[in-house]
Amino acid sequence: MKSEFMVAITQLSAEKNLSREVVLAAVESALISAYRKDSFAPNQNLAVKINPNTGGVKVYVKKTVAEKVADAVNEITLAAAHKIDKNARIGDTLTIEATPPNAGRIAAQTARQVILQRLHEAEHHAIYEEFTGRESDIVTGMIQRITPDNIYIDLGKAEAILPPAEQIHNERYRVGQRLKLYLMGVTKSPKGPQIIVSRSHRELLRKLLELEVPEIHSGAVGLKALAREPGYRSKVAVAARQEGIDPVGCCVGLRGIRIQNIVNELNGEKIDVILWVDDPKVLIANALSPAQVTSVELNEAETTALVGVPDKQLSLAIGKEGQNARLAAKLTGWRIDIKSASALEAERAAKEAKAEAERAAAEPVAELAMEEEAESVEPVEETKETEPLPITDIKLVLTSSKKETGETGAPTIRFAEDILPGKAAAAKKRAGKGKKEAELKAKELKPKKTRAKRAYYSEDEDEIAE
């Protein structure tokens, strides 16, 4: 009977992929619950030990030595304790064997369900501990069944779940198909550990590169950045950490065999491997490959880049639905604006024309402002000293004044301006003009002879003649 019991333990450990020690511990825990219900008090402190060689089961009761026994189930007097252990003292805990006679029958019948439950718990705990240590790693599994909600993957020891959000939309899955998956996390649930895996996570590509390229796994080639659109296209930037290594060549492999293995695993997803450069301009130009770049202008304040490409390669640089430009922006961390070379030239010409027009419009405004500023400044009156008249001019002034006044006394002094040619001519002209105006007014005021008046005079003359 005992040998059959150990054979059953060995079979259980093999089926559940658990060690014999774990299975024995689970059986011992289950037997404690079974014996407590059948042969001992519910609150009694029990312990069960199974001999791993013979399979013998022994049950022990633990009691505390007390001076006065208040709980007979869990306490023992000092006198009774001395019969078991002469060195026992008050407060010590004694382990007393109390194996019931029908221990084998209880182990086979009553404890069966409890043993199975404990084994399941031990199995779940072992799975949880194993896969928790493998989080963020790559696992291989086979599709076990497909439901509208999830795809269930058999990982050998456990079952994983591939939710719809982590599936690649253009992939077609079938039962029995083997896949490499990215282990996202493990959680505990009443039904056991729940393992979540992914096919669309970008870290899956990183793990596949580490798996296929030994230089990346060893650290000789560093994987600097990675951008992925699952099922369509990915871009990877690599740099060498040792001299004499071609990082792009290492990833591609001889005749492209390494990168082709990864493409096949991802069902035809295209992968671009570029060289990482610290200069942002060169890095952006590399990231837009296979398109050629003619110019790159950076705006570091807004983290944007204006990229010029040949007119014929504009669609290639942007990619289908903007895919190439979008992946380049994710890879470099810069927001990229792609324009053709002709469009850039037209924009530059328009900017230069606009700047020239602004300068031309600003020049008259500047001149007007300078004139207004000059007018606003009050001119300083310059005091001119009167030049002394020559002696001859003074004599002429004196003689003319004597003739005009008819006086022979003290001469009258006149200013030189009054006898200057310009002033004299102007005065003469004004005098002549005034004389003509007076003559015209006199003519207007003189009465005109009318015909009636002349007739009157003629009649008088006739009367006088008569």
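C251 is buried, with a relative accessible area of 1%; buried means under 20% relative accessible area, exposed over 50% and partly exposed in between, with a 1.4 Å probe and protein chains only. The model is a predicted one, in which local features need pLDDT of at least 70 and side-chain atom pairs count only at pLDDT 80 or more, while totals for chains, interfaces and linings use all residues. Residues are numbered from 1 along each chain as its sequence is written, and side-chain values use heavy atoms, with hydrogens and water left out.

## Cysteines

The structure holds zero disulfides, a disulfide being a pair of cysteine sulfur atoms within 2.5 Å. C250 is in no disulfide, and the nearest cysteine sulfur to that of C250 belongs to C251, 6.7 Å away. The sulfur of C251 has its closest cysteine sulfur in C250, and 6.7 Å is too far for a bond. In general, a disulfide is a covalent bond between the sulfur atoms of two cysteines.

C250 lies in helix α8 (residues 247–252). Helices (H or I, at least four residues) and strands (E, at least two) are DSSP runs, numbered from the N terminus. C250 is buried, with a relative accessible area of 13%. Leaving aside neighbours within four places in sequence, C250 is in contact with V213, E215, V221, I245 and R258, where contact means heavy atoms within 4.5 Å. V238 is 12 residues from C250 in sequence, and their C-alpha atoms are 9.8 Å apart.

Five strands close into a barrel in the order β5-β6-β7-β9-β8, with mixed pairing. Neighbouring strands of this sheet are turned by 50° against each other on average, direction ignored. Helix α6 packs on the sheet and touches β5, β8 (178–189) and β9 (192–198); the direction of α6 makes about 125° with that of β8. For these angles, axes are lines fitted to C-alpha atoms, for helices over the stretch in contact, and angles run from 0 to 180 degrees between N-to-C directions.

E203 is found in α6 (residues 202–212) and is buried, with a relative accessible area of 17%. The side chains of E203 and R206 are joined by a polar contact of 2.9 Å. A polar contact is a pair of N or O atoms within 3.5 Å; within protein, one must be able to donate a hydrogen and the other to accept it, and residues adjacent in sequence count only if both atoms are side-chain atoms.

Strands of a sheet pair through backbone hydrogen bonds, either parallel or antiparallel. Two strands are taken as paired if DSSP finds at least two bridges between them. A hairpin joins β8 to β9 through two residues, and S189 has G192 as its bridge partner in β9. Five of the seven residues of β9 are buried, so that strand is mostly covered.

## Strand pairings

| Strands | Sense | Bridges |
|---|---|---|
| β5 (residues 138–146) and β6 (residues 151–154) | antiparallel | four bridges |
| β7 (residues 159–162) and β9 | parallel | two bridges |
| β8 and β9 | antiparallel | seven bridges |
| β1 (residues 46–50) and β2 (residues 57–66) | antiparallel | five bridges |
| β2 and β4 (residues 93–97) | antiparallel | five bridges |
| β2 and β3 (residues 75–77) | parallel | three bridges |

Along β2, V59 is the bridge partner of V48, Y60 has E97 as its partner in β4, and T64 stands opposite E75 in β3. The hairpin of β1 and β2 has six residues between the strands, and G55 there takes a positive phi near 85°.

In helix α10 (residues 280–287), the buried residues are L283, I284 and A287. Seen down the axis of α10, these buried residues fall within an arc of 100°, so they line one face of the helix; the arc is that of the directions from the helix axis to the C-beta atoms. Their cover includes β11 (233–240), β12 (270–275), β13 (295–299), β14 (304–309), α12 (323–332) and β15 (335–340).

Helix α12 is largely enclosed by the rest of the structure, because seven of its 10 residues are buried. These are Q323, N324, A325, L327, A328, L331 and T332. What covers them includes β10 (221–229), β11, β12, α10, α11 (314–318) and β15. After α12 comes G333, with a positive phi near 85°.
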